[in-house]
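Dear colleague,

Please find below the structure that I am handing over to you.

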Amino acid sequence: MDALPPVPAAPWAEDSPPVLGEGPLHAPLMLVGEQPGDEEDRLGRPFVGPAGRLLDRALASAGIDRRACYVTNAVKHFKFVPRGGRRLHQRPDAGDITLYRPFLMAELQRVIPRLVVALGATAAQSLLGRKVGVAKIRGQVIPGPGQRPTLVTVHPSYLLRLPDPAMREAEYARFVEDLGVALAWSRAEREG
Ligand code: URA
């Protein structure tokens with residue numbers, strides 16, 4: 001089994017420990033987010049903050065057991081600016097994505113999931129090696145790195161930011177639908 005390489009660290013990450021992926025080897029589904037947030041950085045686990053709670057709910061609604069998934073991020077450190085005692089999220093740039101990409105590829109080679117789910121634009125860019133419009137390819141299973149089947153959907157934080165409750169509900173339902181496609185596909189592949 002391939003060992004993982006050392007985790008890269010962007011210059012802005014300073015000495016903070018990386019937040020690594022978690023989940024079983026050979027998980028049928030690998031979920032890739034953007035980067036750890038404030039809570040993830042404090043607790044050292046991916047998707048345990050507000051976005052993670054929404055993701056957990058959506059996974060459960062789609063009939064997916066999170067514990068059976070491998071959950072990770074494109075970037076392994078929390079990029080933020082300090083503001084009034086808070087740490088405000090900063091989106092990773094193309095250089096950050098490129099820096100951490102080999103590590104994500106190594107995780108992929110190690111886990112060998114049946115399907116990878118890119119949660120949002122940063123994960124999609126890292127996995128596909130190019131910038132993509134999430135809305136355009138959302139919910140489709142397309143060839144990803146090394147032809148690995150990949151499904152791109154929105155990031156759960158996008159849903160949290162939607163101000164209109166009706167729209168939030170509709171977008172949440174679409175998100176659950178996308179996850180349902182991922183599950184059905186990974187099962188069909190396993191049985192096939
Ligand atoms: N938490 C994570 O672990 N990843 C994200 O992309 C957002 C929140």
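Please bear in mind throughout that the model is predicted.

**Ligand site**

In one, a ligand nitrogen lies 2.9 Å from a backbone N or O atom of Gln35. In the other, the side chain of Asn73 places an N or O atom 2.7 Å from a nitrogen of the ligand. On the side chain of His155, an N or O atom is 2.6 Å from an oxygen atom of the ligand. The ligand exposes 240 Å² when taken alone, and the protein buries 94% of that area.

**Salt bridges**

The whole structure contains 14 salt bridges. Three of them are described here, each with its place in the chain.

Arg45 and Glu22 are joined through their side chains, with 2.7 Å from N to O. This pair links distant parts of the chain, 23 residues apart: Arg45 belongs to the loop between α1 (38-43) and α2 (50-62), while Glu22 is in the segment before β1 (29-33). Both partners are partly exposed, Arg45 with a relative accessible area of 38% and Glu22 with one of 24%.

Arg87 and Asp41 form a salt bridge in which the closest N and O atoms are 3.0 Å apart. Here strand β4 (residues 86-89), which holds Arg87, is linked to helix α1, which holds Asp41, and the two residues are 46 residues apart.

Lys76 pairs with Glu107, and their closest N and O atoms are 2.7 Å apart. Lys76 sits in the loop between β2 (70-73) and β3 (80-83), and Glu107 in helix α3 (residues 94-111), 31 residues away. Lys76 and Glu107 are both buried. Elsewhere, salt bridges with shared partners connect Glu22, Arg45, Asp56 and Arg66 into one network.

**Helix α4**

How many residues of helix α4 (residues 121-128) are buried? The count is 7 of 8, and the helix is thus mostly covered. The buried residues are Thr122, Ala123, Ala124, Gln125, Ser126, Leu127 and Leu128. Their packing partners are β1, α3, β5 (115-119), α5 (134-137), β6 (141-143) and β7 (149-153). Just after this helix, Gly129 adopts a positive phi of about 75 degrees.

**Tyr158**

Tyr158 is located in helix α6 (residues 156-161). With a relative accessible area of 27%, Tyr158 is partly exposed. Beyond its neighbours within four places in sequence, Tyr158 is in contact with Met167 and Glu171. The C-alpha atoms of Tyr158 and Ala51 are 8.8 Å apart in space, although these residues are separated by 107 residues in sequence.

With kind regards

Terms used. Residues are numbered from 1 along each chain as its sequence is written. This is a predicted model: local features need pLDDT of at least 70, side-chain atom pairs count only at pLDDT 80 or more; totals for chains, interfaces and linings use all residues. Side-chain values use heavy atoms; hydrogens and water are left out. A salt bridge is a side-chain nitrogen of Lys or Arg within 4 Å of a carboxyl oxygen of Asp or Glu. Helices (H or I, at least four residues) and strands (E, at least two) are DSSP runs, numbered from the N terminus. Buried means under 20% relative accessible area, exposed over 50%, partly exposed in between (1.4 Å probe, protein chains only). Contact means heavy atoms within 4.5 Å. A polar contact is a pair of N or O atoms within 3.5 Å; within protein, one must be able to donate a hydrogen and the other to accept it, and residues adjacent in sequence count only if both atoms are side-chain atoms. Accessible areas come from the Shrake-Rupley method with a 1.4 Å probe; for residues, only the protein chains shown count as cover.
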